[in-house]
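Subject: Structure for your review

Dear colleague,

Please find the structure below, followed by an account of what was found in it. I would be grateful if you kept the model open while reading.

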Amino acid sequence: MSFFRKKIYACAGFNTISLGSGRKEFHPKKPRPGIEYYIKEAGLGSINQIQNPEAIDEGVIGNFVAERFCKQGNLSGFFPMVHPTFQYKPCIRVEGACDSGGLAIVVSIKTILADLADVVLCIGVEVQNSVKAIYGADYLAAAGWFSGERKEGHAYFFPDQFSQRAGACFEKFGKEKVLAGMAQWYVNAIENARKYPPAQEFHNKNPELFATGMTPPNPKVFCENINVFDCSKVSDGGSAMIFASEEGLKKIGVDQKDATEVMAYAQVQDNLTTPPPDLTKLSTCAIAAKRAYERAAIKPGNLSVLEVHDCFTIAGLLAIEAAGFADYGEGADFVKDGRTKLTGTIPTNTTGGLIGYGHPTGATGVREAVDVVSQLLGKAGDCQVKIGADRPYGMMSSMGGNDITVVAMIFRQT
Amino acid sequence: MTLDDRLQNVAIVGAAGKMGSGIGVMIAQEMAKLKLKAENKNKVYRTNLIDISETALDGLRGYMITQLTKVAEKSTVHLRKLYEKRQDLIENADIIRTFVDNASSVLNFTTDLNAVKDAHLVFEAIVENDKVKTKIYRKMKKLCSPDTMFLTNTSSIPISYLDEQAGLDGRLIGYHFYNPPVVQRLVEVIAADNTVEELRKIGDELGKRLRKKLVPSCDISGFIGNGHFIRDGLYALSEVERLKSTFRYPGAIYVVNRITQDFLLRPMGIFQLIDYVGVDVFQCILRVMRTHLDDTSLRSRFVDKLVKQHVIGGQYADGSQKDGFLKYERNRPAGIYNCSKKDYFMLNDKWKKKVDAKIGSLPDGFAPWKALLINPKKEDALQSHFDKLKKMDTLGSRLAVDFLKKTKAIGEQLVNDGVAASTKNVNAVLTNGFYWLYGPINNYI
């Protein structure tokens, strides 16, 4: 029995350039496009792939913290700017920290399941380069518990949260092994990004990626157990995807073969005011993946492609375990052995993930979905991986905060 | 008196200049940290920023706030610990703002040299002119207490000379920061024979606090830094003279500048570096060294001509580069000065292509200085670059190899002359103060 009461499809995915340090066109002191530009650019990127944009019923915009980075609220007010026929149509802005995009695609799907719409345009967006990283760290720390954690927290609040996870893993599984896994994660992220022109690390030409990944941490200016290369990028960018019912696909003029079916999702919420139960696990991500597999009635081995939320390299390793591909404590070996590469057992983060493509926070969940769908449709260009006939599925898992808000979603070739 | 005690009242003379202003930022920062300690709660701290120009002091106010903010932004990890008991300061922005407020509250901007009178430490960073420096030290000696210690930022005047002229009896040490002082890690420390032990210790302790790399140099005019840089520059100018028959003046400057930057993998070409330091400053240091070393070869008619024509380089208040040997657009070389026309020859792709063809290509796999700086296998990359360079037979490779040999010889001479105690110290100055990827005394060639 299908998890949804009716079929839901995803199509017409689009990612803008992820702009920030690393891109040749980026200069911190030069003017850059604002958040409305990315909403429009991403939205148009999607609707240019369909025949009848006027058939789009609603919009959902995922965004984390534009009020601080851009001094801009009321983001749904930018939806009618995307296309003239969107004027006076419904649009909701959704927030769930770095999983804002994940929640946005969930809301899009729920709206269709509720029979309130046949077609929803889902846009994720964030502009973060408006301030220096030290102030951005303040804004992003809102994904933690402000009154309970921030004062005692590190200047770079979230990097430190995951540095603590890395430290716990070093102690439990061996520092050398985990560090090598983290560095290999970095290598894979950059190598994949080099194949994807919109990626922030597309221009990266460093010939010694592994050695760079192994750069010793400098706790005086950053974190105890991770270096800056272990971190996702500070990015400006947007992603968009159209979700539709069977009827909706017809209305917008998209053939089923150009869409993928959404098989199931699991949205799991942990308590922001309690510490993670185990620093060496992404417990909430694991629950989300398990529920998603059960709801889609598949196993990890049925996936041909995976997108995980590698906000830090250590999160990537733990996410591989949470997704059921490596046993507890074995994520580092799994990655070091090349099993998450484009040619590996489970190609992961094929356009570079949050470290290679970039991490425009509110857009990331949508971007992950876009990349899984592109792969399943065979439209991933130089990043394309083999989609086995017996493995027609792909999964994305996006995370907000320190394993607090998680969405795992499974897609299938039509 | 401990360093903490001395840091209660400090004066910086020549505070609005590029070196003085940077020293001011670092001292204010240290004072703000001391102020935060519970035991210092009721103490008054003062950084006296003294300069002859009221206008320059006005500009200094804004500069100090900007720089103190940058410093705070870079040290927020540490500052959060210092402010951990202030429950009202939660976000990084709160902490940075409070630190800048604390640090700027110690600043006293003045044109009155009398402000040095209560200072326990005086940093002097005025113009590099022995007569002017001597005059001001004589005045300060009269104004200050006999306990006051003096640190001079001179980059070329012997400390023993200044001490003797002003009668400071060993209360003077050379403390040569590099530009910009807040960023550059290197400080050349030059003690004269009679420099008192207490001041030597202050120099060491202060260096540690400021997280600087201290490299000792003997008290011989030019010390290690300028001892090398000035001679390197003179060699570059002699190469220009040699190459002018082939490339004419603008072309020869372009070639030597390019060889030193790209072929030798330096952060900037030699003429861009002279412009950065200031052509007039370069001339001034030449004069000081020529006088104190009694070496008439330390002169460049070409540099004299440029200064006479008011082509002096240096930087504007906002840090952008003034025109000198080269003309700058967006801080990048865009033209070359032609003395006879008293104007700049503007570079263009066609011309550059023609000249570049004459000097030949760079070795295969060339990566510029910036890329190598972050290359974790930098040593291997450098070895490979110079190995290839040696095997090539182009004008560019020959010029580069000759330059490398000359640079090494200059470094070795500094050791032989007793300016530097070791080759290690020479290399430390060039790599830390000039951001070279490798020391001049090496085995690449």
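Two residues are in contact if their C-beta atoms, placed from the backbone, lie within 7 Å. By that criterion, residues 24 or more positions apart account for 79% of the contacts in chain A with a separation of 6 or more. Please bear in mind throughout that this is a predicted model.

Chain A

Chain A contains 15 helices and 9 strands. Its C-alpha atoms fill a box of roughly 55 × 50 × 40 Å along the principal axes. For 414 residues, a compact globule would have a radius of gyration near 22 Å, and the 19 Å of chain A agrees with this. Of the 414 residues of chain A, 60% count as buried.

Chain B

In chain B there are 17 helices and 11 strands. The radius of gyration of chain B is 23 Å, close to the 22 Å that the globule rule gives for 445 residues, so chain B is as compact as a globular protein of that length. The C-alpha trace of chain B spans about 70 × 50 × 40 Å along its principal axes. Of its 445 residues, 46% count as buried. Residues 24 or more positions apart make up 69% of the contacts in chain B with a separation of 6 or more.

Where the chains meet

How many residues of chain A are in contact with chain B? There are 15, and they touch 13 residues of chain B. On the chain A side, helix H5 (133-140) and helix H9 (209-213) each supply at least two residues. The largest share of that side, 4 residues, comes from H5(A). By class, the side of chain A that touches chain B has 6 nonpolar, 3 polar and 6 charged residues.

The two domains of chain B

Chain B is divided into domain 1 (3-216) and domain 2 (225-433). The centres of these two domains, taken over C-alpha atoms, are separated by 32 Å. In chain B, 19 residues of domain 1 are in contact with 16 residues of domain 2. Strand E7 (186-191) and strand E8 (213-216) of chain B each supply at least two residues of the domain 1 side. E8(B) gives the most to that side, with 3 residues. By class, the side of domain 1 that touches domain 2 in chain B has 7 nonpolar, 6 polar and 6 charged residues.

Strand E7 of chain B

The strand E7(B) deserves a separate look. Two strands are paired with E7(B) as follows.

- Strand E6 (residues 172-177) of chain B is joined to E7(B) by 5 bridges, and the two run antiparallel. The bridge partner of B:Tyr175 in E7(B) is B:Val189.
- E7(B) is joined to E8(B) by 4 bridges, and these strands run parallel. The bridge partner of B:Glu188 in E8(B) is B:Val215. From E7(B) the chain crosses through helix H8 (residues 197-209) of chain B to E8(B), in a right-handed β-α-β crossover.

Is E7(B) buried or exposed? Of its 6 residues, 6 are buried, so E7(B) is largely enclosed by the rest of the structure. In a regular strand, the side chains alternate between the two faces of the sheet. In E7(B), both faces are covered: B:Leu186, B:Glu188 and B:Ile190 are buried on one side, and B:Val187, B:Val189 and B:Ala191 are buried on the other.

With kind regards

Key: Residues are numbered from 1 along each chain as its sequence is written. Chains are lettered from A and ligands numbered from 1 in the order in which they are written. This is a predicted model: local features need pLDDT of at least 70, side-chain atom pairs count only at pLDDT 80 or more; totals for chains, interfaces and linings use all residues. Domain bounds come from an automatic or database domain assignment. Ala, Val, Leu, Ile, Met, Phe, Trp, Tyr, Cys and Pro count as nonpolar, Asp, Glu, Lys and Arg as charged, and the others, Gly among them, as polar. The radius of gyration is taken over C-alpha atoms; the globule rule is 2.2 Å times the number of residues to the power 0.38. A residue is buried if 20 or more other C-beta atoms lie within 10 Å of its own, exposed if 12 or fewer, and partly exposed in between; C-beta atoms are placed from the backbone. Two strands pair if DSSP finds at least two bridges between them. A crossover is right-handed if, with the strands pointing away from the viewer, the path from the first strand over the helix to the second runs clockwise.
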